[in-house]
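This briefing concerns a predicted model. Please examine the sequence and structure shown below before reading the points that follow.

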Amino acid sequence: MNRLEIALPGVTLKNPIMPASGCFGFGQEYAQLYDLSKLGAIMIKATTAEQRRGNPTPRVAETAAGMLNAIGLQNPGLEHVLAHELPWLEKYDVPIIANVAGSETEDYVQVAREISKAPNVYALELNISCPNVKCGGIQFGTDPDVAEALVRAVKEAAGVPVYVKLSPNVTSIVDMAKAVERGGADAITMINTLVGMRLDQRTGKPVIANGTGGLSGPGIKPVAIRMVYEVYKAVNIPIIGMGGVSTVEDVIDFLSAGASAVAVGTANFVEPFICPNLIDALPQKLDELGVENVQDLIGRSHR
Amino acid sequence: MIQQEKMKVVRQQQVADSIFEITLEGQLTDQMQEPGQFVHLRVADSYEPSLRRPISIANIDHDNKQFTMLYRAGGRGTDVLSKKQVGDVVDVLGPLGHGFPVEETQPGETALLVGGGIGVPPLYELSKRLNERGVKTIHVLGFRGAKDVFYEEEFNQLGETYIVTEDGSSGHQGFVTTLINEKNPAFDTFYTCGPTPMLRAVDQAFPGKKGFLSFEERMGCGIGACYACVCDTTDGGYKKVCSDGPVFAKGVVAL
């Protein structure tokens, strides 16, 4: 028995660690550094029906214990991802969770239908929480009824399980979680970034061209843990936790709060080998905690 | 090949106002082949600064497995870097990006190297390589004022060197393009690195000439995964400054 194995809807992972969407491109860059087959899964960059150019630069700014970004869902579009990015990833023994974004329900449905046909896509991650685009993304992620309807529409079209990525920029993330569960979501991934801003000391103007950006990194971890903790109690579908994970202790915290697996975002930029490092560090951590399997840690805060 | 290594500081000194020269030693130096590439540095195991800082490579010494960078202190990361002592280590990821193609200038030909401020450093390794190849180099280096000038003597040893300062406190007064228009030097290829307005001016000064421009942009990952440093290209597409660049042939990037 593999101590690190974790079962999610539609796929069993060899370990609970995966790079988060938007922080890992489509894998090719990090493949120069290590074997992607080592990863539990890969959440690829958001794919939209047509290619998107994203926001003006500067798109990133450092903050205390994290960073702001406003990339704006830049991606080469569904056709290109299906023809080039996903086939390239097939040489690795790693399941792909495809992040799907759009501005209209029809866009989401179209991308979900097509991208779930790729043989290495085992699940979708419905992006209803990008804070950096004017149209699409977050309006689906802030109104429970709109979110529920979108999930229902995507579920009908998708050929693989549908995970839904929640935004922390809401009054009640529990209400959002319950809504997507009613809509038929197979799992929840959380949290996306928190909307923030950094000012230039000299000019007093925002550093990021978009004005606001999404805050990520170790600074947001307490918010993410609290939200995973609350959502775990409120729904019966699994959670993939993320938000500032950069140490093996962070991984343990997310599992304890109720996550079945953990995604790593900003830490990839700081330490490019962070995902394999965390995977390698897990067995010893389990020993220290006197726990046989990763599975045994899920939701232990609530027991 | 991109590697990560904790490299040892073997030298550090201030060479101009806020400008530091630091030399690191380690195996990773073996991977550095092209002038104009950069490294992504983690200067402290801290939450602020936490992100890596992209710094260009100014000099490569393969024999001693050392390389040198020149950088401007003043930011959160570069201030920490400037306080590193001999024997301290710096976490280096690199070499990254595509540098200047020296093979685009033939032995016996002349290359014009134009640098502005902290864009000057990568031109030093480039000039060394061009000279090794038998290319004659002319250097036009722009700074704000006399206190900002560095490496004048080093460049002088490699070829004709003009210092230009905005306030005229050292060398010629004006911008690099002021001097270029005045001297109108004959050359075959230009190579340039500096702030975007300078790149634009240099680009416009030489229509029809073969040239290579090194760009600067805020970066996240430094290897092409995060899409933070994307720039528009003249064909309507886009390029990533970190992994497709930072050096692009003239005409590729929309200026």
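B:Cys226 is placed in the loop of chain B between strand S13 (210-214) and strand S14 (230-232). B:Cys229 is found in that loop between S13 and S14 of chain B as well. An unreviewed UniProt entry lists both residues, together with B:Cys221 and B:Cys242, under "binding site".

**The listed cysteines**

- According to the unreviewed UniProt entry, the "binding site" positions are B:Cys221, B:Cys226, B:Cys229 and B:Cys242. These positions are spread over 22 residues of sequence, yet they cluster in space, with a largest C-alpha distance of 10.2 Å.
- B:Cys226 counts as buried because 29 other C-beta atoms lie within 10 Å, where 20 or more are required.
- B:Cys229 is likewise buried, with 27 other C-beta atoms within 10 Å.

- When neighbours within four places in sequence are left aside, B:Cys226 is in contact with A:Cys23 and A:Phe269 of chain A, and with B:Gly220 and B:Cys221 of chain B.

**The contact between chains A and B**

- Chain A contributes 27 residues to the contact and chain B contributes 24 residues.
- On the side of chain A that touches chain B, the elements giving two or more residues are strand S5 (60-63), strand S6 (66-69) and helix H8 (267-270) of chain A.
- H8(A) gives the most to this side, with 3 residues.
- By class, the side of chain A that touches chain B comprises 15 nonpolar, 8 polar and 4 charged residues.

**The largest nonpolar core**

- The largest nonpolar core has 182 residues, of which A:Leu124, A:Tyr163, A:Ile188, A:Val228 and A:Val262 touch the most other members.
- Helix H6 (residues 221-234) of chain A gives the most to this core, with 7 residues.
- In chain B, domain 1 (3-96) and domain 2 (102-214) both give residues to the core, so the core lies between them.
- Apart from neighbours within four places in sequence, A:Tyr163 is in contact with residues including A:Ile97, A:Ala123, A:Leu124, A:Ala185, A:Ile188 and A:Ile240. Among the other contacts of A:Tyr163 are A:Glu125, A:Asp186 and A:Thr189.

Conventions: Residues are numbered from 1 along each chain as its sequence is written. Chains are lettered from A and ligands numbered from 1 in the order in which they are written. This is a predicted model: local features need pLDDT of at least 70, side-chain atom pairs count only at pLDDT 80 or more; totals for chains, interfaces and linings use all residues. UniProt positions are given in the numbering used here, feature names are shortened, and annotations may be inferred rather than shown by experiment. Helices (H or I, at least four residues) and strands (E, at least two) are DSSP runs, numbered from the N terminus. A residue is buried if 20 or more other C-beta atoms lie within 10 Å of its own, exposed if 12 or fewer, and partly exposed in between; C-beta atoms are placed from the backbone. Two residues are in contact if their C-beta atoms, placed from the backbone, lie within 7 Å. A nonpolar core is a set of buried Ala, Val, Leu, Ile, Met, Phe, Trp, Tyr and Cys residues joined through C-beta atoms within 7 Å. Domain bounds come from an automatic or database domain assignment. Ala, Val, Leu, Ile, Met, Phe, Trp, Tyr, Cys and Pro count as nonpolar, Asp, Glu, Lys and Arg as charged, and the others, Gly among them, as polar.
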